[in-house]
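Dear colleague,

I am passing on a structure for you to look over, and below it I have set out what was found in it. Please read the notes with the model open beside you.

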Amino acid sequence: MNRIPIGRKLYLSVLIVFMVYTVSFMVFQQLREKQYKIDLLNVQLQGYNKHLHDYLSFNGQMSERLLNDYMRRDTIGHLRVTLIARDGRVIFDSARKDYAHMANHARRTEFVEALRKGQGAVVERNSNTMKRDYFYSATYYPRDGYVIRSALPYDNSLSRALRADQHFLWFSLVAIVLLTLVLYRFTSRLGSNIAKLRVFAWRADHNASLEVEDLAEFPDDELGEIAERIIKLYKTLQDTRREQDTLKRQLTQNVAHELKTPVASIQGYLETILSNPDMDRETKMQFLSRCYAQSERLTSLLRDISTLNRMDDAPQMKDFERVDIARLVDDIGQELALQIKQKNMTWVDLLPPSLIVDGNKGLLYSVFRNLMDNALAYAGDGVTMTLKAEREGSQWHFSFMDNGVGVPHEHLGRLFERFYRVDKGRSRKMGGTGLGLAIVKNAVKLHGGTIKASNNPTGGLRLDFTLNACSH
């Protein structure tokens, strides 16, 4: 069963409400204008009644002759005037003179209302005497004890006079047509956007291609812009997910490859020992020492993989604290002092005595430890490692450099990739896992900073990165 599109539902719903409101307003306005004209006519007739009463009061008497004379001199076309006693008897009527045969008016609406309120009016009441509809306006004069009632026949002339102005009706109809067209255009565009979003949702839910004509272009409005951005974000998310899947496959392959080497070495040494029970103690210890070295490499590799996974799974780590980088780096320098001495290297720490940042102490330790380990492993013997920092606004800008062999320019852009090695054979021989600089990059990024690698003009590698300064 086909459902009515939401754009059409909205159009019909708003249109119905709008039409009901408009028609109600038009009817109300018509009735209001008609009532205004009725009130205006009633005021005119009430004025006539007052003038007639003043005329009779001025003459000090009420007679048929005086009334007929007044009607001839001052009258409104087709006007009928009736004087009614307080008990309802007709004592004068300009249209009929057989008062004895005229019905008592005590129950007439305008008469009752005049006795009660002083004035009374009725629209389109049929006259029993004249057998036609009249507009009546009655005024009661209690001191004289009678009611003066003036009436106009409700004919085509009076009906036209009381009819509401048709210009307003035509104006309202034109306004309805224009607003309906505007509403249709708006809801049509809205419905088009929603229909395309529905197609997008269905295709996304069924993993279908989004490169279809239905999603090619949206109307140029706010909703269309939002819809286009949603689809673009979804496509970007899909591309990112595909890239992540590719990276995960590559990572799995790299991990398997990296684990294979130390495991194969350990397995080979142990098999040799088991196959030669009479092996001399010195050779056996040598093989076991190599097994231990490979196990240490395996442990380092697993530790680095665990660190990277922890950062990937928790990119918004909030267990930050005040970390004294100067003290942290000094501790690392003392830990590596023996290795630095063995390689005839020089360590120059130019950090300010008090350098505090907001961060995770364990990850920040990994940053500076991996930088120094990387320089110890690959910069070469007899080189100088230097670390300095400068405050730049709300961040500290760090520079870690050495004057060693450096890195060929074509490799600089890939130094922070996982398991990437400039010299694969030499790196494995040095015991590196290929993850040190990847950990550095991810940890710096997690702390809201950036990092880049370059070669010093005088030789050696330079790594520049930023960390947020302590905010309190």
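Is Asn344 buried or exposed? With a relative accessible area of 59%, Asn344 is exposed, where buried means under 20% relative accessible area, exposed over 50%, and partly exposed in between, using a 1.4 Å probe and protein chains only. Asn344 lies in the loop between α9 (337–342) and β7 (346–349), and although it is not a glycine, it has a positive phi of about 55°.

Before the rest, a word on the basis of these notes. This is a predicted model, in which local features need pLDDT of at least 70 and side-chain atom pairs count only at pLDDT 80 or more, while totals for chains, interfaces and linings use all residues. Residues are numbered from 1 along each chain as its sequence is written, and side-chain values use heavy atoms, with hydrogens and water left out.

The chain as a whole

The secondary structure of the chain comes to 12 helices and 12 strands; helices (H or I, at least four residues) and strands (E, at least two) are DSSP runs, numbered from the N terminus. Of the 472 residues in the chain, 39% are buried. Among contacts with a separation of 6 or more, 64% are accounted for by residues 24 or more positions apart, contact meaning heavy atoms within 4.5 Å.

In helix α2 (residues 64–73), the buried residues are Leu66, Leu67, Tyr70 and Met71. These residues cover an arc of only 135° around the axis, which puts them on the same side of α2; the arc is that of the directions from the helix axis to the C-beta atoms. On the face of α2 turned away from that buried side are the exposed residues Arg65, Arg72 and Arg73.

Helix α3 (residues 109–117) has Glu110, Phe111 and Ala114 as its buried residues. Seen down the axis of α3, they fall within an arc of 100°, so they line one face of the helix. The exposed residues Arg116 and Lys117 are carried by the face of α3 turned away from its buried side, and α3 is followed by Gly118, whose phi is positive, near 100°.

Two packed helices are described by the angle between their axes and the distance between the axes. Here the axes are lines fitted to C-alpha atoms, for helices over the stretch in contact, and angles run from 0 to 180 degrees between N-to-C directions.

Helix α8 (residues 325–335) and helix α10 (residues 361–378) pack at an angle of about 50°, with their axes 10 Å apart. The two helices α8 and α10 are therefore oblique to each other, since angles under 35 degrees count as roughly parallel, over 145 as roughly antiparallel, 65 to 115 as roughly perpendicular and the rest as oblique. On the side of α8, the contact is made by Ile325, Leu328, Val329, Ile332, Gly333 and Glu335, and on the side of α10 by Lys361, Leu364, Tyr365, Phe368, Arg369 and Met372. By class, this contact of α8 with α10 has 8 nonpolar, 1 polar and 3 charged residues, where Ala, Val, Leu, Ile, Met, Phe, Trp, Tyr, Cys and Pro count as nonpolar, Asp, Glu, Lys and Arg as charged, and the others, Gly among them, as polar.

Helix α10 also packs with helix α12 (residues 436–446), at an angle of about 145° and with the axes 9 Å apart. That contact is made by Leu363, Ser366, Val367, Asn370, Leu371 and Asn374 of α10 together with Gly436, Leu437, Ile439, Val440, Ala443, Val444 and Leu446 of α12. The residues of the contact of α10 with α12 divide into 9 nonpolar, 4 polar and no charged.

Thr346 lies in strand β7 and is partly exposed, with a relative accessible area of 39%. Leaving aside its neighbours within four places in sequence, Thr346 is in contact with Ile340, Val383, Thr384 and Met385; the C-alpha atoms of Thr346 and Val383, which are 37 residues apart along the chain, are separated by 6.4 Å.

Thr180 lies in helix α5 (residues 166–205) and, at 16% relative accessibility, counts as buried. Apart from its neighbours within four places in sequence, Thr180 is in contact with Tyr11 and Leu15.

Gly47, in helix α1 (residues 6–59), is partly exposed, with a relative accessible area of 24%. Gly47 and Thr139 are 92 residues apart in sequence and 9.6 Å apart in space, C-alpha to C-alpha.
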